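This report describes selected features of a predicted model. The sequence and structure are shown first.

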Amino acid sequence: HRRMRENGKIANRIRIRASVRVKDEVFTPGMFVRVHLPLPAACPAQSNITLDSFTVQPTYIAPETAPQRTAYWETDLAENCRFGAQYSYRSTAHYAAPLELHADPVQPDFDTAEQLPHIAFTPYMNAVTGQNLSLVSDVKGTTTDPVQKAKRIYDFVTLNVHYHFQPMYFVHENITDNCARSRRGDCGVMAATFITLCRIAGIPAKWQSGMVARPETAGCHDWAMFYIAPKGWMYADCSAGASMARAGNEKMRLHYFGNLDTDRMVANSDICAPFDPPMCAFRADPCDNQVGEMEVDGVGLYGQQVETTHEIVKHQEV
């Protein structure tokens, strides 16, 4: 946080090796598989992307601008094999200070609509909850400043929602309404709840996800973006903010309102977006794609039917 504030940005060069395969106990010789493995996508925080190698040459590689970018394979499997890629990119974290921003009197209205089934303006998401906060009317009624609206929504999520692992998203009718009611959720649930509440309050907000890519480990992660003119798009990592709140670190909780870090791999820029080419079967995760999706003979696989890996090969400050 200190170095980002002093220098305006920090950057790392990251190389990741990732793969997906059918579990041996599921494999049958001759099965026809379709595979979608996440790849880094072009975005303001991610540049200089190179696809270094593949275990098997893909049938198709989606463009860097795809909303959920993947390498795609389709083939008959005589023997079980791993579908993998090694890729590199530059991850840049630009510093933002939204609480020091003087917002324009007129704000844009893009990315403020419902996006069913999860970005839904349900009666409950518009209602007063408990004794503390009216999720919309209190935020709207006490300030006209969009920065303060977004900050109060961020506070609501990071200070009231407890991190809790969730069932796979396809079993949820609406992850955001459930989060506001139960005050429990994982990183994706928190991100989607923040997005929904921002859109209800008239603040453009959207999804971003992929992986956390630290020197020692890589893992799935989701976060949000919100837009305030004249600054533009900024970040809100509610899960990281809630973690900082639990640790009693208010400075870093506030860091993740506006900022991220360089330990990211962005593959998805939209929630519930189709692949290119689209997946024919039901997806294990209909919201996004962090570790890969497979279908066998037209049936989507999930859970213990697939094996995924992701390994940090290089993580170097630049």
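## A histidine, a helix and a sheet

His221 is buried, because its relative accessible area of 9% falls under the 20% limit. This residue belongs to strand 12, which spans residues 218-228. Leaving aside residues up to four places away in sequence, His221 is in contact with Cys187, Ser209, Gly210, Met211, Val212, Asp237, Ser239, Arg264 and Gln290.

One of these contacts, Ser239, is also among the buried residues of helix 6 (residues 238-246).

Just after helix 6 comes Gly248, with a positive phi of about 75°.

Elsewhere, four strands form an open sheet with antiparallel pairing, in the order 3-6-1-18. Strand 3 (46-54) and strand 18 (306-317) are at the edges; each has a single partner strand, so one side of each has no neighbour in the sheet. On average, neighbouring strands of this sheet are turned by 20° against each other, direction ignored.

Which strand pairs with strand 18 over 11 bridges? The partner is strand 1 (residues 9-22), and the pairing is antiparallel. Within strand 18, His315 is the bridge partner of Ile14.

Technical notes: Residues are numbered from 1 along each chain as its sequence is written. This is a predicted model: local features need pLDDT of at least 70, side-chain atom pairs count only at pLDDT 80 or more; totals for chains, interfaces and linings use all residues. Side-chain values use heavy atoms; hydrogens and water are left out. Two strands pair if DSSP finds at least two bridges between them. Helices (H or I, at least four residues) and strands (E, at least two) are DSSP runs, numbered from the N terminus. Axes are lines fitted to C-alpha atoms, for helices over the stretch in contact, and angles run from 0 to 180 degrees between N-to-C directions. Buried means under 20% relative accessible area, exposed over 50%, partly exposed in between (1.4 Å probe, protein chains only). Contact means heavy atoms within 4.5 Å.
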